[in-house]
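Please open the structure in your viewer and keep the sequence panel beside it. The tour below goes from one selection to the next and says what is found at each stop.

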Amino acid sequence: MSANASSAISQPILDLAHDFPILARPVRGKRLSYLDNGATTQKPLSVIQAESDFYEQSNANIHRGVHWLSQHATDLYEAGRATVRAFLNASHDDEIVFTRGTTESINLVAQSWGRANLKAGDEILLTGMEHHSNIVPWQLLCHQTGAQIKVAPIDDRGELLMDQYEAMLSPRTRLVCVAHVSNALGTVNPVDEIVRLAHGAGARVLVDGAQAVAHQPVDLQAMDCDFYAFSAHKLYGPTGIGVLYGKRELLQAMPPWQGGGDMILTVSFENSTYADAPQRFEAGTPNIAGVIGMAAGIDYVLSVGLDRIAAHEQHLLDLATQEISALPGVRLIGAARKKAGILSFVIDGIHPHDLGTILDSEGVAIRAGHHCAMPIMTRYGIPGTARASFALYNSVDDVTALVAAVRKAQALFGIQEAS
């Protein structure tokens, strides 16, 4: 690392790796530099302990038991809902639906709201930077209803072409679906403006917040989107639990997607009646421990401060971008003027999978491939990228390890730096 670059961050803003037990584990005999946070974040001890404590002291099924332990577990579960509501600045606790994650949240909207409201000739407007989870559910819905997908393009920097997006809105546009932050490019989309324009055209808006909530404050009342989805495992919480936010009036009007226990009022063989939202969309025994762990993850993030987290990650991103882009044969994929902590790149003569394997041998964990965003790769004419994604526990040492490992890979492939 160059002296000028390293002096740009003489000391990290945050020093939190000690809160994450797994980061003390060597990998391949090397210090672990975990830079695959866009796929999943590691978990602080407080989250691990919260789940363990639930199973040790509070485990029972919820909402249906009259005994103390069931009522206690229910209180913990619903307290988790209140934590999420406050974290997003949603208006009401009952606007928070617990799901398995972002993917299930989007599918829920597609199969409940979408099937009830879309018909042949209607349009769903996506962007050219969407994750597969914000593409495939809408394709399935279009096959079922006869609606059509339109795609607003992105430019070479990886930014949404807002003039073309606005021009594509029409009376036929019923729903706009957009990533708050692109998982493959790091682009932070102007979601407030996207929502405003969509509502002006009479369309509803779903925002995929999977890559946003761990990196910046989210205020849903200010954003005014109709649906917002995220996963706890990218927010220092457990896997298998996530959130769908929906405006109260929309959720109340939506039919159930899955049937079973705890989403009903009455059941007979002739007919059933359903609970109000959000219970209407939480059929069966939920991931109670996951909700408690997610709430602990949110508490941890808030204790650090989202503004501090954003500043820390931006420093690391700026440093890594400067160092990696200075290497020979490197092409950055995604150079938006406003980015979250994601650095995607390709190197002439090295396939991303080969690069990822060599970096792993040096203890550096990145993601290599299409990142469940194949249309983006097609847009740039590449099979995939190497992606380093930063979190609050990463440090300048991780950037140093990343750069050194990339240089080793280049040396192995005979790529020399200019003298």
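**First stop: Gln221**

Select Gln221, which is partly exposed because its relative accessible area is 44%, where buried means under 20%, exposed over 50% and partly exposed in between, with a 1.4 Å probe and protein chains only. This is a predicted model, in which local features need pLDDT of at least 70 and side-chain atom pairs count only at pLDDT 80 or more, while totals for chains, interfaces and linings use all residues. Residues are numbered from 1 along each chain as its sequence is written, and side-chain values use heavy atoms, with hydrogens and water left out.

Gln221 belongs to helix α8 (residues 220-223); helices (H or I, at least four residues) and strands (E, at least two) are DSSP runs numbered from the N terminus. Leaving aside neighbours within four places in sequence, Gln221 is in contact (heavy atoms within 4.5 Å) with Asn89, Ala90 and Ser91. Its side chain makes a polar contact of 3.2 Å with that of Asn89 and another of 3.5 Å with that of Ser91. A polar contact is a pair of N or O atoms within 3.5 Å; within protein, one must be able to donate a hydrogen and the other to accept it, and residues adjacent in sequence count only if both atoms are side-chain atoms.

Select helix α4, residues 102-117, whose 16 residues reach 21 Å from first C-alpha to last, close to the 22 Å expected at 1.5 Å a residue, a span found as 1.5 Å times one less than the number of residues. Twelve of the 16 residues in α4 are buried, among them Trp113 and Gly114.

Where do α4 and α5 meet? Ile106, Asn107, Val109, Ala110, Gln111, Gly114 and Arg115 in α4 meet Pro137, Trp138, Leu141, Gln144 and Thr145 in α5.

**Last stop: His132**

Not counting residues up to four places away in sequence, His132 touches Pro137, His370, Cys372, Ala373, Met374 and Pro375. If you zoom in on Ala373, you will find its backbone nitrogen 3.3 Å from a polar atom of the His132 side chain.
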